[in-house]
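Here is a short tour to read alongside your viewer. Please keep the model open as you go.

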Amino acid sequence: RDLAPLAEELDVKLGLEILHPMYLDAWSAISTIEQAMNIIDDVDSRNVGLVLDLYHIFWDPKLSEGIKRAAGKIFGVHVNDWRFPTRDILLDRVLIGDGIIPVQKIIDEINETGYEGFFEIEILSEELSKADYSELLEKIKGSYKSIFGIE
């Protein structure tokens, strides 16, 4: 609330990123779109919105409703996937399409809100960080093209 007027003056977007509830003990108490949107509605600023990270929101039982409610307030999207079973709560993500997140369904729902911003591929992974980056980039591009229907 305190930063919103300055953000409006400078035309800067402030994106509130929801974190998976497994991070409640250390990083954030905001773990659902509904909780975040309640804060955003209370602040009531055109420059305060959401950054949706599929890794953190896919489990939400009210995910579809939350995405619809966030229409016009989505400032960014992090696309990634959840390895099951996971071996590390932060650094064990997998290439999109290789995990259990219904990536295409969530992306479609985000697009249905009229979102026209960027989709950032965010893969935090100890395993993948050891890969050859040229080969990894090609795999990432392939999975991205598959999810987004690009040939």
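The report covers the sheet, the helices on it, the salt bridges and a surface patch.

This is a predicted model, in which local features need pLDDT of at least 70 and side-chain atom pairs count only at pLDDT 80 or more, while totals for chains, interfaces and linings use all residues. Numbering starts from 1 along each chain as its sequence is written, and side-chain values use heavy atoms, with hydrogens and water left out.

**The sheet and its helices**

Let's begin with the open sheet, where four strands follow the order β1-β2-β3-β6 with parallel pairing. Strands pair if DSSP finds at least two bridges between them; helices (H or I, at least four residues) and strands (E, at least two) are DSSP runs, numbered from the N terminus. At the edges sit β1 and β6 (119–121), each pairing on one side only. From one strand to the next, the twist averages 30 degrees. Four bridges join β1 to β2 (residues 48–53), and Leu-16 has Leu-50 in β2 as its bridge partner.

Helix α2 (residues 33–43) lies across β1 and β2, at about 165 degrees to β2. Helix α5 (residues 103–112) touches β2, β3 (74–79) and β6, and its direction makes about 165 degrees with that of β3. Contact means heavy atoms within 4.5 Å; axes are lines fitted to C-alpha atoms, for helices over the stretch in contact, and angles run from 0 to 180 degrees between N-to-C directions.

**Salt bridges**

A salt bridge is a side-chain nitrogen of Lys or Arg within 4 Å of a carboxyl oxygen of Asp or Glu. By this rule there are twelve salt bridges, including these:

| Pair | N to O distance |
|---|---|
| Arg-69 and Asp-41 | 2.7 Å |
| Glu-109 and Lys-105 | 2.8 Å |
| Lys-141 and Glu-138 | 3.1 Å |

Arg-69 lies in helix α4 (residues 63–69) and Asp-41 in helix α2, so their pair ties together parts that are 28 residues apart in sequence. Glu-109 and Lys-105 are both in helix α5, four residues apart, or about one turn of the helix. Glu-109 is buried at 15% relative accessibility, whereas Lys-105 is partly exposed at 45% (buried means under 20% relative accessible area, exposed over 50%, partly exposed in between, with a 1.4 Å probe and protein chains only).

**A surface patch**

Which residues form a nonpolar patch on the surface? Leu-6, Leu-10 and Val-12 do, with about 260 Å² of accessible area together. Patch residues have over 30% relative accessible area and no salt bridge; like charges are joined within 9 Å, and nonpolar side chains (Val, Leu, Ile, Met, Phe, Trp, Tyr) within 5 Å. Areas come from the Shrake-Rupley method with a 1.4 Å probe, and for residues only the protein chains shown count as cover. Val-12 is in the loop between α1 (4–10) and β1 (14–17).
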